[in-house]
Amino acid sequence: MYAYSGICSTVVLLLLAALASAHEEDTQSVLLTKDNFQSELETSNYFVMFFAPWCGHCKKLAPTWSKLAEIKNDDSAAQVKIGRVDCTNDGDLCSEQDVTGYPTLKFFKAGAAGSDTSVKYRGARDLDAFGSFLREQLGLESDEDTTDETDSVAEPPKPVSVLVELTDDTFAKHISSGKHFVKFFAPWCGHCTKLAPTWQQLAETLQHDTSISISKIDCTQYRPICADFEVKGYPTLLWIEDGKKIEKYSGARTHEDLKAFVSKMAGGLSGEEAATDKTINGAEKDNTSAVLQLSEPNFQHTIEKGVTFVKFYAPWCGHCMRLAPTWEQLAEKFVGSDAVKIAKVDCTLEVNKVLCGEQKVNGFPSVFIYRNGEVLSEYNGNRSLEDLHDFVTRHLVEHDEL
């Protein structure tokens, strides 16, 4: 019995040693803890791996992460440091950063250590993919050029954020005139984190309506401002006009409910963002467009019946812009049809990033045809109106014959 206990103790010690050694070899990345996390991220851009020593995927990634750190941390021109957080030692820190699986990789801008402002990495785990992601986050031009008809997902130019982040220096002047919908939040707040992608989507949806501003302010940094507006819980969403609080929003926090509130308070929305008068299976259809604009909340419901031809795109993508008028013409050919829907998904919106990953979108534009909720194939043919129309019609005929 004692011999058995001794063997068990030895096995346990060996396992612990093996787990501990998983990241001992990584001497290049900066070990971040609850004691130095805030101070490090205040002064530098950081790409951080949140890991657990026992995690197999973490151990597999460790050599690549160490190599990335060796490249970036020794390069003064790299503008970013590579760090790591051991969640078995700093569980509270990982919880604050909404880490729910290992490894979780996040990019933080200097001075923005809150999970609400971090960017979660979801791409391939190799040096090239990491490099492209960091160039994107740092707003650097890619060194690569391509003439292929599909633009790489990993190399978009950094977009200018349409969600205004307010500070002590900018708040008063910003809200002093005009109409504003402001989110008062705390980075540690779970409900704030859950709302963050929807709030970003709302700002992007309304970016062309210059009469309305969608913004946010961190109450952990600017407490006096939040106190002045009687913010007692997070998130608090206030409609402000010409510097005065008009109404506190207390409805559902879906994109459509928030947009409807803005439309009500503003007396309607301008241009393309005006309320639509037609929907198909819950998907919005602009009065001026025959193409359905899909997003993660309505995607599955829309494609579950009939044939749906979907273009996954990015607004900055040149090939997408060239395809856009043809895609519109294609949609017009099927106006009134109950069997065919022509749709599109903007993969740059935060709310759609998981969806585009799940649909295996590897470049822009990516075009897939679905039947009764199942993907049939990716379209890789000529992007002329005639070829696209023939492709859809062929699948529609096959569907009718079943």
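What share of the contacts in the protein chain with a separation of 6 or more comes from residues 24 or more positions apart? The share is 70%.

## Overall make-up

This is a predicted model. The protein chain contains 13 helices and 19 strands. Of its 402 residues, 45% are buried.

## Helices α3 and α5

Two packed helices are described by the angle between their axes and the distance between the axes. Helix α3 covers residues 56-73 and helix α5 covers residues 127-138. Their axes come within 10 Å and cross at roughly 50°.

Sorted by class, the contact of α3 with α5 consists of seven nonpolar residues, one polar residue and two charged residues.

## Helices α7 and α9

Helix α7 (residues 190-205) packs against helix α9 (residues 255-266) at an angle of about 45°, and the axes are 10 Å apart. That angle makes α7 oblique to α9. The crossing of α7 and α9 is right-handed.

From α7, the contact draws on Leu195, Thr198, Trp199, Gln201, Leu202 and Thr205. From α9 come His255, Leu258 and Lys259. By class, the residues of the contact of α7 with α9 are four nonpolar, four polar and one charged.

## Val80

Val80 lies in the loop between α3 and β3, a strand that spans 81-86. Is Val80 buried or exposed? With a relative accessible area of 5%, Val80 is buried, because the cut-off for buried is under 20%.

Leaving aside neighbours within four places in sequence, Val80 is in contact with Asn45, Tyr46, Phe47, Lys72, Asn73, Phe107, Leu134 and Leu138. Ala110 is 30 residues from Val80 along the chain, and the C-alpha atoms of the two are separated by 9.0 Å.

How values were computed
Residues numbered from 1 in each chain as written. Predicted model: local features only at pLDDT ≥ 70, side-chain atom pairs only at ≥ 80, totals over all residues. Heavy atoms only, no water. Helix = DSSP H or I, 4+ residues; strand = E, 2+ residues; numbered from the N terminus. Buried < 20%, exposed > 50% of the residue type's maximum accessible area, 1.4 Å probe, protein only. Contact = heavy atoms within 4.5 Å. Axes fitted to C-alpha atoms, helices over the stretch in contact; angles between N-to-C directions. Nonpolar A, V, L, I, M, F, W, Y, C, P; charged D, E, K, R; others polar. Parallel < 35°, antiparallel > 145°, perpendicular 65-115°, else oblique. Left-handed = near helix turned anticlockwise from the far one by under 90°.
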